[in-house]
Amino acid sequence: MGKLTEQPLAELIREISIKGLSGTLRVEHERVQTAIYFDKGQLIYAASNLRTLRLREYLTSHGLLSGKQTAQLNNNQSDLDLAAALAAAGTLRQKDIDALLATLVSDVLRVSLLWLEGTWEFDPRARLVDPVRVEVETSTLLREAAQRMPINFVSGRFRNPGEVISRAAKVDRATKFQPTESFVLSRLDKPLSLEELVSLSGLREPEAQRVIYGLALADLVTREHWQNAFRTESPKPGREQPTAPITTAASSAQSEQSDNWISADIENEAVEEFLKRLATAISHYEVLELPTTAKLNEIKDTYYAMARRYHPDRFHLKSGTKLHAQISSAFARVTQAYETLANPNARAGYDQTLERARQFAQVEAKADKTSRAAESGEAFDDESADSETGVGRAQYCFKEGFGALEQGRISAAIKYLAQAARLAPQEAHYRAYYGRALAADPNTRRLAENEIQAAVRLQPANAAFRTMLAQLYFDLKFHRRAQTELDRALAIDPHHAPANLLLRKLEKSRKVG
């Protein structure tokens with residue numbers, strides 16, 4: 001039994017797996033409890049007392065049972081008993097139940113792995129009676145957890161810069177690594193000290209430590225020093241016994257405090273630089289610091305790298321502060337840029353918008369030349385100039401309005417986008433984003449519907465516009481309408497990221513409701 005501040009759940013799972021233990025690990029955080037079951041080191045099942053992490057909720061949210069069917073289920077059954085009953089009755093196929101249980105267990109672990117306060121207790125005598133063996137990607141979950149833990153906490157798990165890090169004897173080639181993970185592993189042709197590996201990684205020290213910690217939790221690299229919870233247990237055959245830290249308690253505390261201060265200073269500097277850069281970024285390409293010719297894999301790699309560094313979840317200790325609000329707003333722009341550029345259809349439309357803005361600059365130059373010609377008495381074509389200037393003016397207003405909308409300047413966005421929509425009412429993008437700007441202001445939200453619907457009529461096969469309309473209905477709490485538009489958007493593009501994200505929000509709101 002112990003505290004999660006001293007032995008986080010991720011390290012407990014790793015140690016139980018390494019030592020091949022069987023039993024039940026129970027963790028508790030603010031009255032929320034999770035039980036994790038192991039058989040000879042393999043994680044076979046996990047359950048939580050959170051209502052939103054129960055099988056009944058998942059059956060409805062994943063569309064396997066209707067709300068009416070779920071209401072008829074026995075409330076007193078455990079999740080495993082319920083799963084067995086559904087399979088025995090033929091209500092669901094066993095493979096569908098197994099897949100849903102795997103998703104449920106993974107979500108239970110994702111939540112619990114982020115608890116850094118609370119208590120834990122391992123009972124080797126408590127075994128799971130049910131023969132279930134849920135297959136979850138424990139290695140991936142542990143690496144994900146490391147990326148989401150507070151940077152100061154991760155830095156504090158490395159107390160000795162001279163600690164030796166080496167590559168694991170066997171690394172599954174099918175493992176999907178992030179670019180930074182692959183690069184760090186490629187540096188380990190021979191064992192290196194932590195300090196040397198950080199230096200060779202090319203990453204900032206806190207980020208390098210985060211990557212190394214995740215790889216070590218997943219047993220993809222071995223550390224010289226672990227703070228073990230089960231010191232009397234022997235490891236699995238073929239595995240090396242991890243050793244206890246060699247530093248004294250006093251020097252450890254001093255080192256941890258020093259590392260945390262250094263990490264905080266480095267991180268704050270990086271965040272300030274990130275916020276300052278995004279404040280001046282105009283296009284999605286500038287937000288992600290990519291050229292307009294960037295390939296899809298470059299876009300994904302860049303987004304994931306930025307997510308690891310600047311996702312608001314990493315700064316949860318600053319929740320409620322002005323800085324956290326700025327980070328959340330800035331990262332929303334990063335997410336929007338990624339979702340647009342990673343979707344071929346959305347990117348094509350966005351590139352067209354940028355091209356129109358570029359053409360407008362040429363039109364403006366021509367308009368200036370025409371104006372000077374008029375002042376000097378030279379002949380020019382009034383109709384042609386007026387037409388080109390009108391088109392250029394609409395493009396200019398859209399560009400300014402779109403930039404203001406991305407930066408959260410709603411009043412300015414409404415002003416410019418209204419002009420663009422008025423000057424070019426048949427341009428679907430102008431109408432859609434004008435509606436989106438109206439929707440961002442609670443006082444004009446109901447006016448937004450007409451504009452977004454106009455865009456949908458002009459381009460009925462545009463999944464992005466239908467998702468905007470669904471988002472509006474969701475904000476207005478018209479959930480049935482939102483679901484209808486989401487169904488239409490996903491029928492057009494099943495992989496449309498904003499539509500899938502909104503769908504998850506809609507499902508979550510139903511659970512809460």
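1. **Overall make-up.** The protein has 22 helices and eight strands. The model is predicted. Buried residues make up 46% of the 513 residues. The accessible surface comes to about 26,700 Å². Carbon and sulfur atoms account for 50% of that surface. Now take the contacts between residues at least 6 apart in sequence: 66% of them join residues at least 24 apart.

2. **How confident is the prediction?** Start with the averages. The mean pLDDT of the protein is 80. A value of 70 or more is reached by 83% of the residues. Confidence is highest in helix 1 (residues 9-19), at a mean of 93. Confidence is lowest in helix 11 (residues 249-280), at a mean of 53.

3. **Stretches to read with care.** Over residues 232-266, pLDDT stays under 50. In the model, this stretch has 49 contacts beyond four places in sequence. Residues 373-389 also have a pLDDT below 50. Beyond near neighbours in sequence, residues 373-389 have eight contacts in the model.

4. Some background comes first. Strands of a sheet pair through backbone hydrogen bonds, either parallel or antiparallel. Here, five strands form an open sheet in the order 1-5-2-3-4, and the pairing is antiparallel. Which strands stand at the edges? They are strand 1 (2-3) and strand 4. Each has a single partner strand, so one side of each is left without a neighbour in the sheet.

5. Is strand 4 largely enclosed or largely open? Five of the seven residues of strand 4 (residues 42-48) are buried, so the strand is largely enclosed by the rest of the structure. To be buried, a residue needs a relative accessible area under 20%. Note the two separate points. Strand 4 has a single partner strand in the sheet, yet the rest of the structure largely encloses strand 4.

6. Strand 3 (residues 32-39) pairs with strand 4 over six bridges, in the antiparallel sense.

7. **Strand 5 and its two partners.** Strand 5 (residues 119-123) pairs with strand 1 over two antiparallel bridges. There, Lys3 stands opposite Thr119 of strand 5. Strand 2 also pairs with strand 5, over five bridges and again antiparallel. In that pairing, Leu25 has Phe122 of strand 5 as its bridge partner. Which residues of strand 5 form its covered face? Trp120 and Phe122 do. The uncovered face holds Thr119, Glu121 and Asp123.

8. Strand 6 (residues 164-167) and strand 7 run antiparallel and are joined by two bridges. Val164 stands opposite Ser193 in strand 7.

9. **Backbone angles to check.** Most residues other than glycine have a negative phi. Glu30 is not a glycine, but has a positive phi of about 50°. Where does Glu30 lie? Glu30 is in the loop between strand 2 (23-29) and strand 3. Glu30 is exposed, with a relative accessible area of 66%. Glu289 is not a glycine either, and has a positive phi of about 55°. Glu289 lies in the loop between helix 12 (284-287) and helix 13 (296-310). Glu289 is exposed, at a relative accessible area of 57%.

Terms used. Residues are numbered from 1 along each chain as its sequence is written. This is a predicted model: local features need pLDDT of at least 70, side-chain atom pairs count only at pLDDT 80 or more; totals for chains, interfaces and linings use all residues. Side-chain values use heavy atoms; hydrogens and water are left out. Buried means under 20% relative accessible area, exposed over 50%, partly exposed in between (1.4 Å probe, protein chains only). Helices (H or I, at least four residues) and strands (E, at least two) are DSSP runs, numbered from the N terminus. Two strands pair if DSSP finds at least two bridges between them. Contact means heavy atoms within 4.5 Å. Accessible areas come from the Shrake-Rupley method with a 1.4 Å probe; for residues, only the protein chains shown count as cover. pLDDT is the predictor's confidence in each residue, from 0 to 100.
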